[in-house]
Amino acid sequence: MKLGFIGCGNMASAMISGILKNGICAPQEITVSAKTQATLDKAKAEYGVSTATANAEVVKVADVVVLAVKPQFYAEVIAEIKDAVKPAQMIITIAPGKTLAWLAEQFGQKLPIVRTMPNTPAMVGEGITAACPNETVTDENLKCALKILESCGKAEVIPERLMDAVVAVSGSSPAYVFLFIEAMADAAVADGMPRRQAYTFAAQAVLGSAKMVLETGKHPGELKDMVCSPAGTTIEAVRVLEEKGFRASVMDAMKACSDKAKSV
Ligand SMILES: NC(=O)C1=CN([C@@H]2O[C@H](COP(=O)(O)OP(=O)(O)OC[C@H]3O[C@@H](n4cnc5c(N)ncnc54)[C@H](O)[C@@H]3O)[C@@H](O)[C@H]2O)C=CC1
Ligand SMILES: O=C(O)[C@@H]1CCC=N1
């Protein structure tokens with residue numbers, strides 16, 4: 001399968017890394033375009049992919065084209081490539097806010113389009129991607145799209161109305177988790193732990209806790225209670241987090257994120 005990425009920044013790189021690690025296709029079967037030659041040179045050096053100076057070149061050689069530019073550039077890029085897109089070619093989008101109806105209008109022709117929302121843990125094969133196919137996508141198309149997306153982690157088909165929620169809960173949330181890990185490491189450093197070691201302990205604690213949620217099927221509240229020994233240390237931290245509105249701040253931040261996703 002020949003894959004094309006229009007744009008080769010953080011998200012495209014994370015996906016390419018996951019795709020290559022899982023052998024979904026060979027490096028030379030991936031063609032990328034970008035704004036600058038420096039980006040193309042970096043992608044070629046890092047992944048061994050083919051590069052194209054024009055976006056239409058990517059469309060000409062790929063069976064599946066991933067639109068990996070920022071949402072504000074979608075209209076101009078689609079305008080540039082739409083005449084080169086063949087009816088059987090599948091388009092995968094990864095931008096927030098660009099609905100299937102908007103995409104159909106921009107392309108001006110019936111095309112199999114899968115709207116998705118991935119995240120950067122795709123880089124280490126631990127991403128999660130929401131996928132929403134339009135009515136032109138066949139079962140075969142969807143199988144192919146999910147094979148690509150599942151090479152970077154988990155993928156689930158969802159109704160389009162949930163896409164903005166997905167941006168907040170998984171598309172953007174690695175950034176909140178990185179903030180959390182950084183804050184925990186800073187606190188450990190304040191207590192005397194070497195910084196590098198503090199990142200390892202903080203990150204592994206988050207990884208292990210996440211695996212417990214995914215693998216035990218227990219409610220996060222129950223898992224939290226399993227850590228909080230009566231009159232112990234953990235409940236003191238939990239009390240302070242509640243006092244400072246930890247959960248409310250997470251929910252408010254995610255509301256701001258999903259609201260923004262509606263307007264990009
Ligand atoms: N970074 C993330 O965690 C996630 C990003 N996304 C979405 O992925 C898309 C890309 O985001 P990032 O990779 O973070 O951005 P980025 O800024 O890292 O990469 C954008 C890429 O597009 C290229 N580009 C810009 N204009 C172009 C044009 N006219 N033709 C060809 N290439 C062009 C740039 O050279 C760059 O390689 C965005 O729509 C973003 O919302 C989705 C989920 C997660
Ligand atoms: O911040 C952004 O707009 C992109 C979409 C989801 C994660 N990053």
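Trainee: Is Leu146 buried or exposed?
Mentor: This is a predicted model in which local features need pLDDT of at least 70 and side-chain atom pairs count only at pLDDT 80 or more, whereas totals for chains, interfaces and linings use all residues, and side-chain values use heavy atoms, with hydrogens and water left out. Residues are numbered from 1 along each chain as its sequence is written, while chains are lettered from A and ligands numbered from 1 in the order in which they are written. A residue is called buried under 20% relative accessible area, exposed over 50% and partly exposed in between, using a 1.4 Å probe and protein chains only. Leu146 has a relative accessible area of 17%, so the residue counts as buried.

Trainee: Which helix holds Leu146?
Mentor: Helices (H or I, at least four residues) and strands (E, at least two) are DSSP runs numbered from the N terminus, and the protein chain has 12 helices and eight strands. The helix that contains Leu146 runs over residues 139-150 and is H6.

Trainee: What share of the protein chain is made up of buried residues?
Mentor: Along its principal axes, the C-alpha trace of the protein chain spans about 65 × 40 × 30 Å. The chain has 264 residues, and the buried part of them comes to 39%.

Trainee: Why is the pair of Phe180 and Phe246 classed as it is?
Mentor: A pair of aromatic rings is described by the distance of the centres and the angle of the planes. Rings of Phe, Tyr and Trp (its six-membered ring) pair if their centres lie within 6.5 Å, and planes under 30 degrees apart count as stacked, over 60 as edge-to-face and the rest as tilted. A search of the whole structure finds one aromatic pair. Because the rings of Phe180 and Phe246 have their centres 6.0 Å apart and their planes at 40°, the pair is tilted.

Trainee: Which residue has its charged end over the ring of Trp102?
Mentor: A charge sits over a ring if NZ of Lys or CZ of Arg is within 6 Å of the ring centre and within 35 degrees of the ring normal. The charged end found over Trp102, 4.5 Å from the ring centre, belongs to Lys98.

Trainee: How much of the area of ligand 1 does the protein bury?
Mentor: With a residue counted as near when one of its heavy atoms lies within 4 Å, ligand 1 has 23 residues around it, of which Asn10, Met11, Lys35, Val69 and Lys70 come nearest. Taking a polar contact as a pair of N or O atoms within 3.5 Å (within protein, one must be able to donate a hydrogen and the other to accept it, and residues adjacent in sequence count only if both atoms are side-chain atoms), an oxygen atom of ligand 1 lies 2.9 Å from a polar backbone atom of Asn10, and one lies 2.8 Å from a polar backbone atom of Met11. Accessible areas come from the Shrake-Rupley method with a 1.4 Å probe, and for residues only the protein chains shown count as cover. Taken alone, ligand 1 exposes 830 Å², and the buried part of that is 82%.

Trainee: What is the phi of Ala231?
Mentor: Most residues other than glycine have a negative phi, and most peptide bonds are trans. Ala231 lies in the loop between helix H10 (220-227) and helix H11 (234-243), and at 84% relative accessibility this residue counts as exposed. Although Ala231 is not a glycine, its phi is positive, at about 60°.
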